[in-house]
Amino acid sequence: MGWDEGAVFYSDQAQFPRGGPGGDPSRHSALRKFKEFLRGFTGPTGDFPYRESLVHNRDHVTVAIEDLDAFDAELSDRIRKSPADYLPLFETAAAEVLASLRSKVAGETGEMEEPVTGDVQIFLSSKEKCLSMRSIGADYMSKLVKIAGIAIAASRVKAKATHVTLLCKNCRSVRTVSCRPGLGGAIVPRSCDHVPQPGEEPCPLDPWIPVPDKSKYVDLQTLKLQENPEDVPTGELPRNMLLSVDRHLVQTIVPGTRLTVVGIYSVYQASANQKCAVGVKQPYIRVVGLEQSRDNNSNGPSNFTLDEEMEFKEFAQRPDAYAKLCSMIGPSIYGHSDVKKAIACLLFGGSKKRLPDGVRLRGDIHVLLLGDPSTAKSQFLKFVEKTAPIAVYTSGKGSSAAGLTASVTRDSSSREFYLEGGAMVLADGGVVCIDEFDKMRPEDRVAIHEAMEQQTISIAKAGITTVLNSRTSVLAAANPIAGRYDDLKTAQDNIDLQTTILSRFDLIFIVKDIRMYDQDKRIASHIIKVHASGAAASSKNTEANEGENWLKRYIEYCRATCKPRLSEKAAEMLQNKYVEIRQKMRQQAHETGRAAAIPITVRQLEAIIRLSESLAKMRLTSVATPEHVEEAFRLFNVSTVDAARSGINEHLNLSPEIANEIKQAEAQIKRRMGIGSHISERRLIDELTRMGMNESIIRRALLIMHQRDEVEYKRERHVIVRKA
């Protein structure tokens, strides 16, 4: 008794005949639930978010998986486990809901008709943690996955058939076959099911011819997604993943964009010309939801907890916040306090500005460290690579122009060209560290001119003309021409870089290895301490790591939330100081009869503005005050202005006695050498020292004559020739 109790009978089962695509009653109930969800889901404020978004956007709607969880956990579980089956149902439900929401419209005859609705595309978004590309394996096949990375290449848009119309070449009967979504093809039947009449020839095997005009198509594009540089384990190559996007997601992504992707992990058969076993297929991800990272920052401001925000704000209020931050930069490196301050400014960066006419002013600060070997230049670069939220480290000799900017490569299967972004594009919104900057080939160095000032990279190769973003700071380290910095030479002779690239650096530091007893002793004791406490340091490592992570988070927070501007007082003070510096430079050029090695131009004025903003950003203040401008000027004076004055700049830093001795030495050299005659440098110096002259004075006199073009060096500077 009561054995049939509790059974559910559907009245509308005729809608889905048994054996059809929806023969499964669970699919039918899923369709009904999807419709209920789109119609009836209420947001936190009591509105109907999906109903409204369907009315406003008739062709696509973004659904948060968390909302689906809250509405019906079983439904969202099905979408996660077999998205390929349930997403088309969801899209059908959306199209039906949209049709019911639209009011009737008057047709051509004047009668009220149902409006025609097209397909609706469903995008999924999720707040789950991203999986690593290395952890996605066979267990995730045909399931929903979420990964993050950088789009490094985008193909051209192709048309992909959704339904192929086939025509039998014998009996002319027509049938439609649906294609598998993504990169899958259609399964064409081998035989025609037409029953031949008596005397009629039966249809042969494989009689079907596709009719392209009558088939239905959607847009399809393939992207290449690479792991974020900060997620790649040391010494490993970054992994790539193929993505396929269709319909409304096509052409929304340019190479170099950071993405978070929700998609279905599936496989496709690689092209026939690549020999591979029948069962071995290539994996790819069919994208069902895309999110571009906010403001080039993979973790936007929303990812900070309230406690963290409070802690950061408290820290910024401390009077010694600036000094504390600078001490956190390269803590194992002794001294170089100004370089540390400059690197702190580089990590925080100034404010970007967009002018009304569309011109962009960069907010990134570029720093060049130029100097002797073993002055911890590469250590600074390595530290910045670890600490900056986004960073790429390259060495000058091992990088080409295409590797730094972007290259055009040919796809092996489709033979078409596509763009791949290089280091400057991948580090968009971060820092590029270039070591051995002087060893780069000049033609490769020119490639980064545009990236440093205009912050874009223009490409015109193989029929691809495009502009990529590269909003990066550059931190470069270089050695002078002779390997060591030579104080007897002018700045131009020491720095083997063109003025065009030097003027793009906001701060140029000349790092010298000065031999001083006290300093050497302190440095030696510091280094011995670092080595001796190596064993003990491993226990403290966790603390150091926490400090590093804290600094990284603080930099991210400041960059995301704070956009300072100059105050009126600071602007006025800056104007006066800039005019004053230009006046001094003009006076100096007038006195010596030659221009400075490193020019002070409007670019340098912009550099000081950026430095002031970045100093304000460290304290989380929205206005840069005169104190910030003072500190920016001090940094600028100890770096760039100092570099411009460094070396022997004619008679600038000579006492009257030395200047007199140099004049006498010049007279002796001219007396010793007739015009056009040549002599070995060693012999000339020996002869003049016998006459009681100082060797360094003779060398200085020769250098000054060389600058005036009165003598020239030949045979690797061994022989001197006097010119007319």
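Q: Is Arg610 buried or exposed?
A: Start with the cut-offs: buried means under 20% relative accessible area, exposed over 50%, and partly exposed in between, with a 1.4 Å probe and protein chains only. Arg610 has a relative accessible area of 4%, so it is buried. This is a predicted model: local features need pLDDT of at least 70, side-chain atom pairs count only at pLDDT 80 or more, and totals for chains, interfaces and linings use all residues. Residues are numbered from 1 along each chain as its sequence is written, and side-chain values use heavy atoms, with hydrogens and water left out.

Q: Where is Arg610 found, and with which residues is it in contact?
A: Helices are DSSP runs of H or I with at least four residues, strands are runs of E with at least two, and both are numbered from the N terminus. Arg610 is found in helix H18, residues 602-618. Contact means heavy atoms within 4.5 Å. Leaving aside neighbours within four places in sequence, the contacts of Arg610 include Gly350, Arg362, Asp506 and Arg603. Asp364 is also in contact with Arg610. The Arg610 side chain reaches the backbone oxygen of Asp364 at 3.5 Å.

Q: How many aromatic pairs are there?
A: Rings of Phe, Tyr and Trp (its six-membered ring) pair if their centres lie within 6.5 Å; planes under 30 degrees apart count as stacked, over 60 as edge-to-face and the rest as tilted. The count comes to twelve aromatic pairs. Take Phe37 and Phe71: their ring centres are 5.3 Å apart and their planes at 65°, so the pair is edge-to-face. Phe37 is in helix H1 and Phe71 in helix H3, 34 residues apart. Phe37 is buried, at 0% relative accessible area, whereas Phe71 is partly exposed at 31%.

Q: Which parts do Phe312 and Trp550 tie together?
A: Phe312 lies in helix H6 (residues 306-317) and Trp550 in helix H16 (residues 534-561), so the pair ties together parts 238 residues apart in sequence. Both Phe312 and Trp550 are buried.

Q: What is the order of the strands in the open sheet?
A: Two strands pair if DSSP finds at least two bridges between them. Here three strands run in the order E25-E27-E26, with antiparallel pairing. Strands E25 (678-680) and E26 (711-714) stand at the edges with a single partner strand each, so one side of each is left without a neighbour in the sheet. E26 and E27 (residues 719-722) pair over four bridges.

Definitions and conventions. Polar contact = N/O pair within 3.5 Å; in protein donor to acceptor, adjacent residues only side chain to side chain.
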